[in-house]
Amino acid sequence: MKTSLFFVCFFQILATAICRSDEHVLRGSLSDVKYPIILGHEGAGIVESVGSSVTDIKPGDKVIPLFVPQCGTCRCCLNPESNFCYKNVFSYSNRSSKSDDTIFTCNGTSVSNFLDTGTFTEYTVVEDISVAKIHKDAPLDKVCLIGCGFSTGYGSAMNTAKVKPGSTCAVFGLGGVGLSVIIGCKVAGASRIIGIDFNTNKFAKAKECGATECINPKDYDRPIHEVLAEMTEGGVDYSFEVIGNTEVMESALTSSHFGYGTTIIVGVAPSSAKMSFDPSLLLTGRTMKGSIFGGWKSKDHVPKLVCDYMNKKFNLDMLITHKLPFEKINEGFKLLCNGESIRTVLTL
Ligand code: CND
Ligand code: ZN
Ligand code: ZN
């Protein structure tokens, strides 16, 4: 391990949820990770020990690991518009970890650590820039969702799109991340929030989160952007792709209104995927952006999001449909793949 031991934090994971990105890696659709790998990036735990140079975290603190780090000193961290960090793993050819050497080994074989957070383990070790101390009374089996799914969706609406009061939004994909986009659109004051999914079973929960209408593309014999254009007199103000499908990304872009519509890409497409669309969609005044971890500067904002949750600014409990002991993790993946769960939280 090249990382200096002075700057590490060793902690026990007490709760972790399953996000679709973990399943993308299980399925092999992200080719830039190295196997074997410890998956999981949506967790929370309690610190056991820290390196001697770590000043902001101490043993006994509750923490959330951060899959986008915040070193605080690089060009991205210093840019108020960015939540990226030069120490992120996304800009490296190996998406499992930013260094070639790994912290973990099993019988002499290196084991990668997904997004430098790998939470599907009882204990882990991360750099101090990849972990945030949270409120001492935070319920770990709930706030683990702030480690990815909730913050990613909620921030995509609040920070990346900057949804305005009275606006119309379309959210493609009603999983844990998409429903969190809906919660963000609602908190931002959107007056119409249209959920789109081909699994109709997701509609009731989407409405509970704030969707005003839900539609299933399978119910129409014409492209969904035409249906949305009809419903909204020409197109939506904001559209979000929260699936990871490039064809849906194009639909989301086409569904936004010319002249001012904004499309946010949140879903993670397979590594080999390429997008192709008519450039006049942008030429005519639409904007398309991507959002990692909802645009939050992780180390600064995760503790605040936990406090906002505790102060009831938003409710994420309704995203948790299943709770299982950690050893039933494979059952949790089955629930996700069968479209039966929103978030399964695994606890020790
Ligand atoms: P989940 O699988 O729970 O939800 C996806 C939803 O999309 C499901 O309800 C599906 O039924 C629906 N769906 C799939 N294909 C279609 C389609 N063609 N048309 C309509 N509906 C469809 O996933 P999740 O909510 O956990 O994650 C969603 C995406 O977000 C996924 O790609 C994940 O990898 C990504 C993500 C991004 C980030 C980030 O920082 N940007 C962080 N974590 C996860
Ligand atoms: Zn940085
Ligand atoms: Zn995730």
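The points below concern the ligand shell, the strand pairing and the nonpolar core of a predicted model.

1. Conventions. Local features require pLDDT of at least 70 and side-chain atom pairs pLDDT 80 or more, while totals for chains, interfaces and linings use all residues. Residues are numbered from 1 along each chain as its sequence is written, and chains are lettered from A and ligands numbered from 1 in the order in which they are written.

2. Ligand shell. Ligand 1 is surrounded by 33 residues (C-beta atom, placed from the backbone, within 6 Å of the molecule). The closest are Arg20, Gly173, Gly175, Val177 and Gly244. Two or more residues each come from α1 (20-27), α4 (149-161) and α5 (176-187); helices are DSSP runs of H or I of at least four residues, and strands are runs of E of at least two. By class, 16 shell residues are nonpolar, 14 polar and 3 charged, with Gly counted as polar.

3. Strand pairing. Strands β1 (residues 8-17) and β3 (residues 43-50) are antiparallel, joined by 7 bridges; pairing requires at least two DSSP bridges. Cysteine 9 has valine 50 of β3 as its bridge partner. β3 also pairs antiparallel with β4 (residues 62-65), over 2 bridges, and here glycine 45 stands opposite valine 63.

4. Nonpolar core. The largest core has 91 residues, joined through C-beta atoms within 7 Å and each buried (20 or more other C-beta atoms within 10 Å of its own). Val143, Cys169, Val171 and Ile182 touch the most other members. Helix α5 contributes the most, 6 residues.

5. Valine 143. Leaving aside residues up to four places away in sequence, valine 143 touches Ala44, Ile64, Ile134, Ala138, Val306 and Tyr309 (C-beta atoms within 7 Å).

Terms used:
Buried ≥ 20, exposed ≤ 12 C-beta atoms within 10 Å, placed from the backbone. Contact = placed C-beta atoms within 7 Å.
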